[in-house]
Amino acid sequence: MRLRLVLGDQLSRTIPALEDMDRAQDVVLMAEVAEECAYVPHHPQKIALVLSAMRHFARALEARHVRVRYIRLDDPSNSGSLAGEVARAVAELRPAAVIATEPGEWRLLQAMKGWEKALGLPVEIRADTRFLCPRPWFRHWAEGRRQLRMEFFYREMRRRSGYLMEGEEPAGGRWNFDAENRKPLAADLKPPAAPRFAPDAITREVMALVAERYGGNFGSLEGFNWPVTARDAQKALDHFITDRLPHFGDAQDAMAEGEPTLFHALLSTSLNLGLLLPGPVCEAAEAAWKRGRAPLNAVEGFIRQILGWREYVRGLYWLKMPEYRELNALQAERPLPWFYWGGETSMNCIRQVVGQTRDLAYAHHIQRLMVTGNFALLAGIAPAAINEWYMAVYADAFEWVELPNTHGMAIWADGGLMASKPYAASGAYINRMSDYCAGCEHDVKAQTGQGACPFNYLYWDFVARHAAAFEGNPRMAMPLATMRRMAPEKLAAMRREATRFLAGL
Ligand code: FAD
Ligand code: SF4
């Protein structure tokens, strides 16, 4: 008999730990453990999502006559840790071996590597095959490259997968249609309502447990609307392909008050838990293009997120950990302001993004990158503090994807390994891509003085503060030149304003 371990984000039928199973003998272990629920103060919807999806997955296994040892969070004998639950199962069931799939977190993989010695039996850790780019392949691609640019990785992945390829050439003659995907929301474009996934009895039971134990964490549980089974995840994908994908490209970078999801897919939770696999998702999008149901700029933009960004950040994470999370290229040390946790702020863009994060455990990419991420970058928030926030507040947060996005893309803590220049922007960018500024008490056009938009003076203070670090970076040449052309008294006034603002955080 062998013990098969399935973690909360490994809920795929094809997960390697379940391969070659002897159903008459083997036992699958799934455990809800307090340690994983509490290492950051997760949004209650995130905890409910993972626990409910785990319970549904265990039920589906049992329906296929698989023997499951399922340990609930409130089981009085639950040791509270994964290692503790594996040890308890080994002591009680006496398996010949433990079989697991590599986890999505470096810390947990290190712990697992010590289990064989601690438990005194073979522990096989199988590679996770649910990604389009195996880890060794990414390592090979990265070897000898000074810069690891996503765009080049993505082209390799297009060739390798054959998605949107016409022979050796990219469909439509271009690899990237990003230039067409940078529009604000058109006035006549009304985003469709998100599909509803009303909580069933299992989810409601989990929600009650989460409310009791983690109800004090930032985030409301009431709006819970996540797929918790493969079947619901497929429904979410179908909805996206028919109702949202056709406009995904046009509205990809837009932000709008009262429209928290726009034309985004809402698929990251299902992909990250394993309820959907990336290959079939890309194929569904490609098929829509081939049938003339969605334009190429939308389909290419979407496939790039999954085949490109998602695979790239995973490759980078495993390549660079554990040193990666310690990097702090801009020596950012400021604590996280209280308004990230819902405290009062006069900045409408932050209020909107944090508000929907609290209600939905969701914000789309540009909100994460150019509002909360941009503010953290400009204000010099300590990487550990802002990473913890992103890990805590989003339902799709898992370290392998959260860390490179935050550390590398949003706050440039890796000094440019991932992004050729920091994603720093003044209020003008937020004003161009959203309607947030119209409802704000700050003046987005003003750079100094009473009521000026904080993003404006923080931006120029940021450029001035790090001018030496950006010297020689061709993509920072323009902001540096603009700053040097500025009247010295104007720059000094903005920097004074920034110092005053930051001191008041
Ligand atoms: P869509 O915009 O519709 O995109 C489609 C899919 O592409 C997503 O479901 C996702 O699987 C994938 N994708 C898109 N962008 C990225 C990206 N940059 N990296 C990896 N996959 C991507 N994504 C997470 O899944 N978990 C996180 O913890 C996470 N943290 C982030 C933190 C910051 C600071 C930033 C800037 C981005 C983060 N992202 C994270 C990436 C991205 O914001 C989310 O994947 C996306 O918003 C999820 O919503 P959606 O499914 O509607 O995505
Ligand atoms: Fe945000 Fe500035 Fe616009 Fe206000 S004016 S919403 S602070 S960018």
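This is a predicted model: local features need pLDDT of at least 70, side-chain atom pairs count only at pLDDT 80 or more; totals for chains, interfaces and linings use all residues.
The chain is divided into domain 1 (2–126), domain 2 (135–197 + 229–320) and domain 3 (338–503). The centres of domain 2 and domain 3, taken over C-alpha atoms, are separated by 25 Å, and the contact between these two domains takes 19 residues from domain 2 and 23 residues from domain 3. On the side of domain 2 that touches domain 3, the elements giving two or more residues are α10 (268–273) and α12 (296–320), and the largest share, five residues, comes from α12. Sorted by class, this side of domain 2 has ten nonpolar, five polar and four charged residues.

Within the chain, a set of parallel strand pairings links β1, β2, β3 and β4, and these can be followed from one strand to the next. Strand β1 (residues 2–5) runs parallel to strand β4 (residues 97–101), to which three bridges join it; in this pairing, Arg2 has Ala97 of β4 as its bridge partner. Strand β1 also pairs in the parallel sense with strand β2 (residues 27–31), again over three bridges, and here Arg4 stands opposite Val28 of β2. Strand β2 is in turn joined by five bridges to strand β3 (residues 67–71), the two running parallel, with Leu29 standing opposite Arg69 of β3. Strand β2 is mostly covered, in that four of its five residues are buried.

The largest nonpolar core contains 144 residues, of which Leu5, Leu245 and Ala285 touch the most other members. When residues up to four places away in sequence are not counted, Leu5 touches Ala17, Leu29, Val86, Val98, Ile99 and Ala100. Among these contacts of Leu5, Leu29 is the residue that stands opposite Arg69 in β3.

Two ligands were examined through the residues that surround them. Ligand 1 is surrounded by 28 residues, the closest being His264, Ala265, Ser268, Gln305 and Glu402. The elements that give two or more residues to this shell are α10, α12, α14 (365–379) and α16 (399–410), and by class the shell around ligand 1 has 15 nonpolar, nine polar and four charged residues.

Ligand 2 is surrounded by 14 residues, the closest of which are Cys349, Gly427, Cys437, Cys440 and Cys453. At least two residues of the shell around ligand 2 are supplied by each of α13 (348–360), α17 (427–433) and α18 (454–465), and α17 gives the most, with three residues. The residues of the shell around ligand 2 divide into ten nonpolar, four polar and no charged.

Ala254 and Asp435 are 181 residues apart in sequence and 9.4 Å apart in space, C-alpha to C-alpha. Leaving aside neighbours within four places in sequence, Ala254 is in contact with Lys183, Pro184, Leu185, Leu262 and Met433.

Thr499, by contrast, has its place in helix α21 (residues 488–503) and counts as exposed, because 12 C-beta neighbours lie inside 10 Å and the exposed class takes in residues with 12 or fewer. Thr499 and Ala379 are 120 residues apart in sequence, while the distance between them in space is 9.8 Å, C-alpha to C-alpha.

Terms used. Residues are numbered from 1 along each chain as its sequence is written. Chains are lettered from A and ligands numbered from 1 in the order in which they are written. Two strands pair if DSSP finds at least two bridges between them. A residue is near a molecule or strand if its C-beta atom, placed from the backbone, lies within 6 Å of it. Ala, Val, Leu, Ile, Met, Phe, Trp, Tyr, Cys and Pro count as nonpolar, Asp, Glu, Lys and Arg as charged, and the others, Gly among them, as polar. Domain bounds come from an automatic or database domain assignment. Two residues are in contact if their C-beta atoms, placed from the backbone, lie within 7 Å. A residue is buried if 20 or more other C-beta atoms lie within 10 Å of its own, exposed if 12 or fewer, and partly exposed in between; C-beta atoms are placed from the backbone. A nonpolar core is a set of buried Ala, Val, Leu, Ile, Met, Phe, Trp, Tyr and Cys residues joined through C-beta atoms within 7 Å.
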